[in-house]
Amino acid sequence: MNCPSAIPAPADAARGPRQRRSDGPHVRFSVDRAGMTAAMRSDCLSTGAVSRPPRRLRSIIFDTAADDLRRQNILLRGYEMHGASFVELSWSRPADAAGARSTIELRVPSLEVGELLGCSEDLRRQIADRPLEARCIAETERRERMIELADARVRVRFEDGALDYCGRRASFHELELALVEGEEARLWRLAAELARRAPLRCLPTSAAEMALHEMAGEEIRAVKTRRVTLTPRATLDEAIVAMAGACLDHFLANWPALVHSPAPEEAIHQLRVALRRLRAGLGLLRRGVDSEGLRRASGRAKEIAATLGEARNLDVLKDMLADGALAKAKDEPSYYALLDAVECRRAERHAAAKALIAAPETTQFALDLRATLAARDWRPAVAEGEHTLDPAAAGSARVFALRSLDRLHRKAMKKARGLAELTPQQRHGARIAFKKARYGAEFFESLFDPPPVRANI
């Protein structure tokens, strides 16, 4: 794996053993102390497990006062373990999959700033010679187990610790499962089984990362969806994993903004968009594959979206009252009483949305869907009047897309016929039909990208 030019590579490999890697399949959870105890005692993380002695780690995140590294999605972390010091440099790029980071590790004599900068002249240039400083210090007790399953090996880390940053001290309890060897589906099945035994919550952003945002005075922003990329020869299996996986990534990526942003309206909107796209995609796939797991995911997504929808509707109503068409009623005696009532109701619905995302059942939904996608747990569906597709056949995604987009277009045009004369309910139905057609086009657009133009030389 080559280091991108924007990332400083260690200049002196003789200073210690260097390790380069990209993160493999893993999942991280936030738990309370009781949940951590329940997870450690659970059969699924105890049977066949080999435990290592507990270790205490001291970890420091470094950056400049101007946050030069953070602004470039670079994380410089030094840590001490067993009397030795290490520095870890990790980064992500806009083109990387959600959550994907590449990492370089290097052993160093100490965590003195001079030693860190001595590892790489590129790093020194990256921060324009501004001094590094310790921005966040974590003291962690880590317990680690290796789970030996019949078809996989999974590393489990239990971490209890405290963060010191901005003059504050905050405790945290986190648990991570990482696939060492075997099929990815086994990791997600194990995670889903554990989530049924202990109150876990998926953790898209670690406690240390949240501390960095707070130190920088940054608002946790809502995240928009990423483009689904498929090759013209992609199988329908690959398309299903890419489509549903992108929607689930979008959903999870907006949890931190919902929980931590003082104005969560945009996060609620993006969470609803993620679930709406997921349901549209899964509904589209029913004519291609049959899957109990995908049907359950669609039903659960609808339930979650209903609660988020109540909050979103009140957000829109509040905007209409404050700045929209309803603002014309400001001279009415009852206007401010209505505005206060809407604001109180909004606060209740926002709290309900946050509680729903924090609920173990929502984490269970995400893990079950991950397991279904990793295992490709579906079979070809028999669609009336259409040849049954083999979802594992090369090019089957494009064949399915052509059928589906044609059907969505015809349905949308039929719903919109005589639009001006339709009732509001009928026009709403036409709007939904066009929105589903748009989502389908977005899911499959990369299958029809024009080939690159090659100059004649």
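Please keep in mind that the model is predicted. The protein has 457 residues, of which 46% count as buried. Its secondary structure comes to 13 helices and 13 strands. A search of the whole structure turns up 41 salt bridges, and some of them are described below.

**The protein as a whole**

- The protein exposes about 23600 Å², and carbon and sulfur atoms supply 51% of that area.
- Take the contacts between residues at least 6 apart in sequence: 70% of them join residues at least 24 apart.

- Arginine 77 and glutamate 88 meet through their side chains in a salt bridge, with 3.3 Å from N to O.
- Arginine 77 belongs to strand S5 (residues 74-81) and glutamate 88 to strand S6 (residues 84-91), so this pair ties together parts that are 11 residues apart in sequence.
- Are the two partners buried or exposed? Arginine 77 counts as buried because its relative accessibility is 19%, and glutamate 88 is buried as well, at 9%.

- Arginine 143 is partly exposed, with a relative accessible area of 26%, whereas aspartate 160 counts as buried at 17%.

- Arginine 226 and aspartate 249 join their side chains in a salt bridge of 2.7 Å, N to O.
- Arginine 226 lies in the loop between helix H5 (207-215) and helix H6 (236-253), while aspartate 249 lies in helix H6 itself, so the pair ties together parts that are 23 residues apart in sequence.
- Arginine 226 counts as partly exposed, at 33% relative accessibility, and aspartate 249 is buried, with a relative accessible area of 16%.

**A network of charges**

- Which residues are linked in a network of salt bridges? They are Arg28, Arg142, Arg155, Glu159, Glu174 and Glu176.

**Patches on the surface**

- A patch of positive charge on the surface gathers Arg279, Arg286, Lys302, Lys411, Lys414, Lys415, Arg417 and Lys436.
- Helix H12 (residues 396-415) gives the most to this positive patch, with three residues.
- Arginine 286, one of the patch members, is found in the loop between helix H8 (265-285) and strand S12 (289-290).
- Val316, Met320 and Leu326 make a nonpolar surface patch of about 210 Å².
- Leucine 326 lies in the loop between helix H9 (292-322) and helix H10 (335-358), and it is partly exposed, with a relative accessible area of 34%.

**Threonine 235 and its neighbours**

- Threonine 235 is found in the loop between H5 and H6, and at 9% relative accessibility it counts as buried.
- What does threonine 235 touch, not counting residues up to four places away in sequence? Its contacts are Pro391, Ala392, Ala393, Ala394, Gly395, Ser396 and Ala397.

**Leucine 408 in helix H12**

- Leucine 408 has its place in helix H12.
- With a relative accessible area of 15%, leucine 408 is buried, because the cut-off for buried is under 20%.
- Leaving aside residues up to four places away in sequence, leucine 408 touches Leu284, Lys436, Ala437 and Gly440.
- One of these, alanine 437, is 29 residues from leucine 408 in sequence, yet the two are 5.2 Å apart in space, C-alpha to C-alpha.
- Another residue that leucine 408 touches, Lys436, is also a member of the positive patch.

**Glutamate 292 and arginine 379**

- Glutamate 292 is found in helix H9, and it is partly exposed, with a relative accessible area of 44%.
- Glutamate 292 and arginine 379 are 87 residues apart in sequence and 10.0 Å apart in space, counted from C-alpha to C-alpha.

How values were computed:
Residues are numbered from 1 along each chain as its sequence is written. This is a predicted model: local features need pLDDT of at least 70, side-chain atom pairs count only at pLDDT 80 or more; totals for chains, interfaces and linings use all residues. Side-chain values use heavy atoms; hydrogens and water are left out. A salt bridge is a side-chain nitrogen of Lys or Arg within 4 Å of a carboxyl oxygen of Asp or Glu. Helices (H or I, at least four residues) and strands (E, at least two) are DSSP runs, numbered from the N terminus. Buried means under 20% relative accessible area, exposed over 50%, partly exposed in between (1.4 Å probe, protein chains only). Patches are made of residues with over 30% relative accessible area and no salt bridge: like charges are joined within 9 Å, nonpolar side chains (Val, Leu, Ile, Met, Phe, Trp, Tyr) within 5 Å. Accessible areas come from the Shrake-Rupley method with a 1.4 Å probe; for residues, only the protein chains shown count as cover. Lys and Arg count as positive and Asp and Glu as negative; His and the chain ends are not counted. The place of a charge is taken as NZ of Lys, CZ of Arg, CG of Asp or CD of Glu. Contact means heavy atoms within 4.5 Å.
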